[in-house]
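Open the model in your viewer and keep the selection tool at hand. Each stop says what to select and what is there.

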Amino acid sequence: MKNLKYLLVGLVFGIVFVKAEMVSWFRMQEMFRFQSFFMYGVLFTAVFVGLVSVSLIRVLGLKTFAGEPIVIPKKQFNKGYVIGGILFGFGWALTGGCPGPLYAQIGTGFTVITVSLLSAVVGTWVYGLLRAKLPH
Amino acid sequence: MLETLKAPWPWYVAGTLIGLTPAILLLLGNKLFGLSSSLRHICAAVVPAKIPFFQYNWKAEAWNLFLVAGIVIGAFIANTFLSNPETIRIADTTVQELQAEGITDFNALMPADIFSWRGLFTLRGFIFIVVGGFLVGFGTRYAGGCTSGHGITGLATLQWPSLVAIISFLIGGMAMTHLLLPYLLAL
């Protein structure tokens, strides 16, 4: 099954999320209150490593393992990045999770977070419904 | 070895492993790392309801659902087999402030005061669990991505719109934490 490799990537990710305690609501509170360097350290390291590794792919002209050329689509800015971004920030501080950690919180046994996740699916759906009427 | 794995992992280990993910997914199959898209694919698969935003071949994006399913399993494995025997260490100032705002349980990754099935049926629990979840789903899609898609992939590929997005995420999170949270926690 060609998608199983992505399950494995996710699995490692889930372990990292939990073992670095990034799924913790408290870690997010420390971050938003500027009382711990931890999450900023994770973010800066991840961006640095990401930048170096993706730049290597570009500079060396690497292809995928299947031999396709690698394409990185450009992001088109719109007002939603700010309005939606701030709304997401509200939800991030409330739930203590961006979408990735929500999945991980469920895995750690906080089954009530399935309600948050379901609610996030509803939120996404409502965005899809109202999309044409929202400023972009 | 197992002791080291069981202790909380330092930020540079987590940051390095997460930072490698965009490159790994590009090499594995030209996939763009982002986790909030999974929510859109779930909508497209389950309740597309003729909404144009959900009319696309979600099966071609099924890899993303495998990725998030992996996260649930990985989190379960970490929590079951690599669990840290000690309680989470939180910055003293954060503990003091949250105690003053009404949190009493600091023993788990999440405050059980709020995030429990019993808590769900209180006004406070409803706001944190349900309204919070809704804002995560609505906001990330409106913003075209979340902390992974913009924060890691976007910045790693040097796209300025992603920088604007991540700054907006942090502004929203800080505004909620400093302005509204004390009142919501007191509910």
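Helix axes here are lines fitted to C-alpha atoms over the stretch in contact, and angles run from 0 to 180 degrees between N-to-C directions. Keep in mind that this is a predicted model.

**Stop 1: a helix pair across the two chains**

Select α1(A) and helix α2 of chain B, residues 11–29. Their axes come within 10 Å and cross at roughly 170°. Angles over 145 degrees count as roughly antiparallel, so α1(A) is roughly antiparallel to α2(B).

Now show side chains. From α1(A), pick A:K5, A:V9, A:V12, A:F13 and A:V16. They meet B:A14, B:L17, B:I18, B:T21, B:I24, B:L25 and B:L28 of α2(B). By class, this contact has 10 nonpolar residues, 1 polar and 1 charged.

**Stop 2: the whole interface**

Zoom out and colour by chain. How many residues of chain A are in contact with chain B? The count is 104, and they touch 106 residues of chain B. Select these helices of chain A in turn: α1 (4–19), α2 (25–32), α3 (38–60), α4 (80–95), α5 (99–107) and α6 (113–130). Each supplies at least two residues of the side that touches chain B. Colour that side of chain A by class: 66 residues are nonpolar, 29 are polar and 9 are charged.

**Stop 3: a crossing pair**

Stay with both chains. Select α6(A) and helix α3 of chain B, residues 37–46. The axes come within 9 Å and cross at roughly 75°. The two helices are therefore roughly perpendicular to each other.

Pick A:A120, A:V121, A:T124, A:W125 and A:G128 on α6(A).

**Stop 4: a pair within chain A**

Select α1(A) and α5(A). They pack at an angle of about 80°, with their axes 10 Å apart. That makes α1(A) roughly perpendicular to α5(A).

On α1(A), A:G14, A:F17 and A:V18 make the contact. On α5(A), the partners are A:G100, A:P101, A:A104 and A:G107. By class, there are 4 nonpolar residues, 3 polar and no charged.

**Stop 5: α4 of chain A**

Select α4(A). Is this helix mostly covered or mostly uncovered? It is mostly covered, with 14 of its 16 residues buried. Check its length next. At 1.5 Å a residue, its 16 residues should span 22 Å, and its end C-alpha atoms are 21 Å apart, which agrees. Step just past α4(A) to A:G96, which takes a positive phi of about 75°.

**Stop 6: the loop residue A:T108**

Select A:T108, in the loop between α5 and α6 of chain A. A:T108 is buried, because 24 other C-beta atoms lie within 10 Å and 20 or more are enough to count as buried.

Which residues does A:T108 contact, leaving aside neighbours within four places in sequence? In chain A, they are A:V18 and A:V23; in chain B, they are B:A75, B:N79 and B:L109. Then draw a distance from A:T108 to A:G14. These two are 94 residues apart in sequence and 9.6 Å apart in space, C-alpha to C-alpha.

**Stop 7: the nonpolar core**

Which residues touch the most other members of the largest nonpolar core? They are A:F17, A:V42, B:A14 and B:I71, in a core of 92 residues. Helix α4 of chain B, residues 62–81, gives the largest share, 9 residues.

Centre on A:V42. Not counting residues up to four places away in sequence, A:V42 touches A:A20 and A:M22, along with B:W11, B:A14, B:G15 and B:I18.

**Stop 8: chain B and B:N64**

Of its 187 residues, 46% are buried.

Finish at B:N64, in helix α4 of chain B. B:N64 is buried, with 26 other C-beta atoms within 10 Å. Leaving aside neighbours within four places in sequence, B:N64 is in contact with B:S37, B:S38 and B:H41.

Terms used: Residues numbered from 1 in each chain as written. Chains lettered and ligands numbered in written order. Predicted model: local features only at pLDDT ≥ 70, side-chain atom pairs only at ≥ 80, totals over all residues. Contact = placed C-beta atoms within 7 Å. Helix = DSSP H or I, 4+ residues; strand = E, 2+ residues; numbered from the N terminus. Nonpolar A, V, L, I, M, F, W, Y, C, P; charged D, E, K, R; others polar. Parallel < 35°, antiparallel > 145°, perpendicular 65-115°, else oblique. Buried ≥ 20, exposed ≤ 12 C-beta atoms within 10 Å, placed from the backbone. Expected span 1.5 Å × (residues − 1). Core = buried A, V, L, I, M, F, W, Y, C linked by C-beta atoms within 7 Å.
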